[in-house]
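Subject: Structure handover

Hello,

My notes on it follow below.

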Amino acid sequence: MGLLIKGGRVIDPSQGIDETADILVVAGIIKELGKNLKAEKGYETIDAAGLLVTPGLIDMHVHLRDPGLEYKEDIVTGTRAAAAGGFTSVACMPNTKPVNDSKMVTSYIVSKTKAEALVNVFPIGAITCGSNGEDLVALGELMDAGCVAVSDDGRPVAGARMMRLALETAGKMGIPVISHSEELSLAADGVMNEGAVSRDLGLKGIPWAAEDTAVARDVCLAEFTGTPLHIAHVSTRGAVRIIRDAKSRGVKVTCETAPHYFSLTDDDVRSLKANAKMNPPLREAADVTAIKTGLADGTIDVIATDHAPHQSDEKDVEFSKALNGIIGLETSLPLSLALVRDGVLEISTMVEKMSLNPAKILGIDRGTLKAGAVADITLIDPGMEWVVEAEKLASRSKNSPWLGATMKGKAIYTIVGGKIVFKHG
């Protein structure tokens, strides 16, 4: 069976395409992209007039909580949320229970994905055993089992010597290292950004220096080893500046930010309470401006969600005791489209940061609409308005700072391997 997508605005940064066109899909593969394409009898046809047609969106930073923490999220509910948000692929972080630091855990994720997931799931393995920072994992074993990158996300690799070893070992194997850059001795027991708002609220602050010093260290190690490095969830103006400077010197560093870092500030803690608590924390307005500038000038390569589900009893508590993180798979697209409407990004650049670039960094064969590619495709109505309602979210957890907010922009179809896995309405 086949599928014909007719008359949409096709945006494919991998080919420099932004035009009205058709896409013909046969046996899960893109057969042709062009004008006035015809489908054989029995093929399904989608009228995409007025819609954006893009390579399937890719979120390279999600927490699916599976195995071990399935009461928050699992591979089924997490990939259902991903499909509803327009994502055809996600990469899941290793801070599960047990930590994904072995072939056994990776194989479980791969097996469950094949059996139950709606979208592609690419596991990310831990850098150190148990993410404890002490012993390097068997990287080759993780790669063979299906991991596409390594990270101790949720924790930094505190020791510079261990981070150097990880970079050197991963570099030889061609697997990316993703850094959670945080100097724990500075972050200490802080719960939000250190500044006027934290002082006003009487909450222990986390200084911007906790992120900046760690980013600087890891960039230095990447430069020293010559190994590619990816910095997760950039939130400060200083981190943007350090990474921009490193790129100008030819250091092999890429980075990501998340929608909450260009949409919210630490002042939002006043009204949003624990649904504005994450790590790194929401920063000041000047940091938000710097994040937007970094996205616009190419310093920041990727928009990822850091989708972090928690149940209500883990968030509806005293701010200092609430767990870090928010869900984001179903709100990332409209929040990113706001950057386009505000003139921060061109639509093709947004698609590049949400599809092509994460595919390149992770080394996966996605992020393109070229003939012969796997037919992972997202169809988007950029003008559709909708309200974020907890009961309508596909994620098992509902810890979003945008509950009740009106969003603009929605995935209408999410297509994975030529199969429609989500259709709005």
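The accessible surface of the chain comes to about 16,200 Å². Carbon and sulfur atoms hold 51% of that surface. Areas are from the Shrake-Rupley method with a 1.4 Å probe, and for residues only the protein chains shown count as cover.

Two notes on the source. This is a predicted model, in which local features need pLDDT of at least 70 and side-chain atom pairs count only at pLDDT 80 or more, while totals for chains, interfaces and linings use all residues. Residues are numbered from 1 along each chain as its sequence is written, and side-chain values use heavy atoms, with hydrogens and water left out.

Overall build

The chain has 14 helices and 18 strands. These are DSSP runs, numbered from the N terminus: helices are H or I with at least four residues, strands are E with at least two. The radius of gyration is 21 Å, close to the 22 Å that the globule rule gives for 425 residues, so the chain is as compact as a globular protein of that length. That radius is taken over C-alpha atoms, and the rule is 2.2 Å times the number of residues to the power 0.38. The C-alpha atoms fill a box of roughly 65 × 45 × 45 Å along the principal axes.

Buried residues make up 58% of the 425. Buried means under 20% relative accessible area, exposed over 50%, and partly exposed in between. Take the contacts (heavy atoms within 4.5 Å). Among those between residues at least 6 apart in sequence, 74% join residues at least 24 apart.

There are 45 positive and 55 negative charges, and their mean positions are 2 Å apart. Lys and Arg count as positive, Asp and Glu as negative; His and the chain ends are not counted. Each charge is placed at NZ of Lys, CZ of Arg, CG of Asp or CD of Glu.

Helices

Helix H1 (residues 75-84) has 8 of its 10 residues buried, so it is largely enclosed by the rest of the structure. Among the buried ones are Ile75, Thr77, Gly78 and Thr79. Their cover includes strand S7 (87-92), helix H2 (103-116), strand S8 (120-125), strand S17 (406-416) and strand S18 (419-423).

Helix H7 (residues 208-225) has 18 residues. From first C-alpha to last, H7 reaches 26 Å, close to the 26 Å expected at 1.5 Å a residue. That expected span is 1.5 Å times one less than the number of residues. The buried residues of H7 include Glu211, Asp212 and Asp218. Just after H7, Gly226 takes a positive phi of about 75°.

Asp144 is in helix H3 (residues 139-145). Asp144 is exposed, at 71% relative accessible area. Asp144 and Ser107 are 37 residues apart in sequence and 9.6 Å apart in space, C-alpha to C-alpha.

Backbone points to check

- Lys97 to Pro98 is a cis peptide bond, with omega near 10°. Pro98 is in the loop between S7 and H2.
- Asn279 to Pro280 is also cis, with omega near 0°. Pro280 is in the loop between helix H10 (269-272) and helix H11 (285-297).
- Ala27 is not a glycine, yet has a positive phi of about 55°. Ala27 sits in the loop between strand S2 (17-26) and strand S3 (29-34), and is exposed at 66%.
- His233 has a positive phi of about 30°. His233 lies in the loop between strand S13 (229-231) and helix H8 (237-248), and is buried at 3%.

Best wishes

How values were computed: Buried means under 20% relative accessible area, exposed over 50%, partly exposed in between (1.4 Å probe, protein chains only).
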